[in-house]
Amino acid sequence: MELRDLFRIFKKQRTFYVGVVLFCVLAAWIWQNNQPVSYQATLLINIGRAGVSETTDYTYDSFYRLQADERFADTVVRWLSSPRVVEDIYREARLNPETLGTKALGSVFSAGRLSSQIVSVKYSGENKKALEGMATAAVTVLNRYTDTLNTEAREKSWFVVIGSEPVIRDARVSMLLTLVVSLVLGLFVGFWAVLWRHYMTGNNEQRTNNK
């Protein structure tokens with residue numbers, strides 16, 4: 001098939017081609033408008049110290065102190081993947097954790113260490129106010145677990161978890177991206193649909209002539 005034949009086919013079936021493209025765009029538009037409300041929150045946690053140690057040892061000074069902060073930041077990340085800790089955060093935020101199973105509780109937060117003293121926590125939900133409350137509750141609960149590690153408060157310069165205001169954004173697919181992807185998909189699907197329709201039409205005409 002030459003290029004001119006291809007142009008002739010699409011010129012003949014341009015109405016069908018445009019219809020397929022518009023159908024894909026319309027279907028995507030309807031899907032985008034019917035997406036459930038969803039927000040994604042990002043909480044930045046800093047690992048600090050409650051005070052300054054008076055010791056002259058090198059245990060937590062400079063490099064060794066950063067190493068200790070790094071290890072504790074890893075502990076915070078592990079805590080946020082523990083169903084026990086996550087359930088405590090839900091209760092602190094006055095949310096009901098009973099609707100989630102153990103596996104679901106362990107995957108509520110996606111935490112990762114960005115540096116020796118900074119942990120990034122991502123989580124999502126349908127209620128913006130609830131996400132803000134979970135950020136405050138997370139810092140409170142993590143500090144509560146932190147204090148339990150400092151038995152009898154022997155270490156004055158013990159760790160403290162400091163949280164910032166969470167950044168909350170709409171997690172739904174944007175209308176612009178939806179329309180662009182659907183347009184590209186429509187052009188692709190329409191191209192092959194036209195060729196298939198031409199092929200089937202040609203076969204039907206050939207059968208009719210043979211009769």
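The legends below describe close-up views of strand pairing in a predicted model.

Local features in this predicted model need pLDDT of at least 70 and side-chain atom pairs count only at pLDDT 80 or more, while totals for chains, interfaces and linings use all residues. Residues are numbered from 1 along each chain as its sequence is written, and side-chain values use heavy atoms, with hydrogens and water left out.

**View 1. Strand E1 pairs with strand E3.** Strands are DSSP runs (E, at least two residues), numbered from the N terminus, and two of them pair if DSSP finds at least two bridges between them. E1 covers residues 39-49 and E3 covers residues 118-125; eight bridges link them in the antiparallel sense. Leu44 stands opposite Ser120 in E3. Asn46 has Ile118 of E3 as its bridge partner.

**View 2. The hairpin of E2 and E3.** Four residues lie between these two strands. E2 spans residues 110-113 and runs antiparallel to E3, joined to E3 by four bridges. Within this pairing, Gly112 is bridged to Ser120 of E3. Ser120 also stands opposite Leu44.

**View 3. Strand E1 pairs with strand E4.** E4 consists of residues 159-163, and five bridges join E4 to E1 in an antiparallel arrangement. The bridge partner of Arg49 is Phe159 in E4.

**View 4. Strand E1 pairs with strand E5.** E5 comprises residues 167-170, and the antiparallel pairing with E1 extends over four bridges. Ala41 stands opposite Ile168 in E5. In a regular strand, side chains alternate between the two faces of the sheet.
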